[in-house]
Amino acid sequence: MPLTLSIYVGRRFLLAVLGMQAGLTAIGSLFDFLDLLRQASDKPQATFGRIVVMEILRVPWLGMQILPFAVLLGGIFAFWRLTRSSELVVARASGVSAWQFLAVPVLCAALVGGIATTVISPLSAVMFARAETLYSMYLQVGSGPLSLAGGQMWLRQADPAAGPGGVAILHARDVHLKGKTLTTGHVTILRLDRHTSLHDRIEAQTGVLRPGGWTLEQVSKLRPDQAPVTTPSMRFATDLTVGRVQESFASPSALSFWALPRFIRLLKQSGFSPTRHELAFQSLMALPLLCATMALVAAGFSMRPARRGGGAQMLGAGLVSGFALFMLSEVSAQFGKSGALPVYLAAWAPAAAGLMLALALLLHLEDG
C-alpha cells in the first residue's frame, strides 16, 4: 500500500476520532456537572466554584470511559466520508484491499488505546482521586471520611461521648480481614470536642471491629493533666462496618495502570477481595484491543458502496452494534465484580466478541 495513501487514511481516521472524543467528553461532562449541581442543591458548603473544580478534575476519567465509543463513532464518520467521496472505491479498484488500507487506522486506534492506558491513566487517577476527596468532603453524606492505604486506616466520625459536636479520629495499623472479622494492630483514637480541644486519647495494642463498635485490647486512656488509666479491654462505639471498609479502599479509578498491580498484592496480603481492582487492571490492558476492535467494527458497517444502497441501514446497524458491545462490556464487568465470571473473561470477552463480529463482517464485505 502506498505510504501517501496510508498516511492520508490514517490522518482522516485519527482526526475524526479525536474530534468525536472531544465532543462526547464535553457532552458527558455537561451532564455530569448538572448531576453534581443537583446533589449540591441542599449543601451550602458545596459552592458553584467547588463543583466546577470537581468536574474539571473528573474530565480525564470521563474521557477514558468514552474512548472506545468515540473510536467507533469517529471511525464510522471517517470511513463513511471516504466511501461517500468514492476515495475508498477508487483505492479498492486500483488493487488495494480493505485489509491494507485498514491497517493504519487499526494501528492508530490501538496506539490511542495504549496511550490512554499508559499515559492518560496516571493523570486521570491523580485527578479523579482529588475529585473523590472533594466529593466526600462536600457532597457525600455519611459518618465521616474513611481512608485506607498501605495497610493503615484513618477514620473520622461523630463522637457524642466527647460532648455535643464532638468527633473522634481513629488511626489503625496492620489492617487485616479474616473471614468476616476485621483486625488491626496498634490503634490510636483522638477524641475532640466541638472546639477541637482534646477530650482524651486512647491507645490500644490491638483492635477488632464488630457490629456496633470496636473491641480494643490492652488499652491506655490519657486525659489532659491526668495520669494514664490502663484497662485490659474496652469497647468503642462506631457505625463503621466491614462492608464499608471494603468499599472504602481506594477506588480502581483513583489508581493508575502502573499502581494497580502493587495495590492488588496489598489487598491479597491483607485478606481483602481484589476483584474490582483486578478487573480494572485487566480492562486497561484490554483497552488497546477494544479500540482496535471498534475501528474494525466501524469499517465493517460504513464501507458499503453507495451504489448498492442500504447505506443508512448499515450505519444504523453499526451504531446499534456499538451500543450492544458497550452494554456487553458493562454487563460483563458487573458479572466480573460479583464473581460470577473470572476476571480475565469479564475484561477480555467484550473485545474478543467485537473482534470476531468485525472480522466476520469484513470477510463477507471483502471476499464475499
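Author: Ala22, for instance, lies in helix α1. This is a predicted model, where local features need pLDDT of at least 70 and side-chain atom pairs count only at pLDDT 80 or more, while totals for chains, interfaces and linings use all residues. Residues are numbered from 1 along each chain as its sequence is written, and side-chain values use heavy atoms, with hydrogens and water left out.

Reader: Okay, is Ala22 buried or exposed, or partly exposed?

Author: Buried means under 20% relative accessible area, exposed over 50%, and partly exposed in between (1.4 Å probe, protein chains only). Ala22 has 49% relative accessibility, so it counts as partly exposed. For a sense of scale, its C-alpha atom is separated by 24 Å from that of Leu328, 306 residues apart along the chain.

Reader: How do I read the crossing of α1 and α2, and at what angle do the axes cross?

Author: Axes are lines fitted to C-alpha atoms, for helices over the stretch in contact, and angles run from 0 to 180 degrees between N-to-C directions. Here α1 (residues 3-39) and α2 (residues 48-84) have axes that come within 4 Å and cross at roughly 145°. As for hand, a crossing is left-handed if the near helix is turned anticlockwise from the far one by less than a right angle, and right-handed if clockwise. The crossing of α1 with α2 is right-handed. Its contact residues comprise 26 nonpolar, seven polar and five charged. In that count, Ala, Val, Leu, Ile, Met, Phe, Trp, Tyr, Cys and Pro are nonpolar, Asp, Glu, Lys and Arg are charged, and the others, Gly among them, are polar.

Reader: What about charges: how many salt bridges does the structure hold?

Author: Side chains of opposite charge can pair when their charged atoms come close. The criterion is a side-chain nitrogen of Lys or Arg within 4 Å of a carboxyl oxygen of Asp or Glu. The structure holds nine salt bridges. One of them joins Arg58 and Asp32 (2.8 Å, N to O). Arg58 sits in helix α2 and Asp32 in helix α1, so this pair ties together parts that are 26 residues apart in sequence. Both residues are buried, and together with Glu132 they form a salt-bridge network.

Reader: Which strands pair with β6?

Author: Two strands pair if DSSP finds at least two bridges between them. Strand β3 (residues 167-172) runs antiparallel to β6 and is joined to it by six bridges, with His171 partnered by Thr188 of β6. β6 also pairs with β7 (residues 198-210), again antiparallel, over six bridges; there, Val187 stands opposite Ala204. The β6-β7 hairpin has five residues between the strands, and Thr196 takes a positive phi near 60°. Five of the six residues of β6 (residues 187-192) are buried.

Reader: And which residue meets Arg191 in a salt bridge?

Author: That's Asp200, at 3.2 Å, N to O, and both partners are buried. Glu203 and Arg201 make another salt bridge (2.5 Å, N to O). Glu203 is buried at 14% relative accessibility, whereas Arg201 is partly exposed at 36%.

Reader: Last one: what is Gln282 in contact with?

Author: Contact means heavy atoms within 4.5 Å. Gln282 belongs to helix α7 (residues 275-302) and is buried, with a relative accessible area of 10%. Leaving aside neighbours within four places in sequence, Gln282 is in contact with Val343, Tyr344, Ala347 and Trp348.

Conventions: Helices (H or I, at least four residues) and strands (E, at least two) are DSSP runs, numbered from the N terminus.
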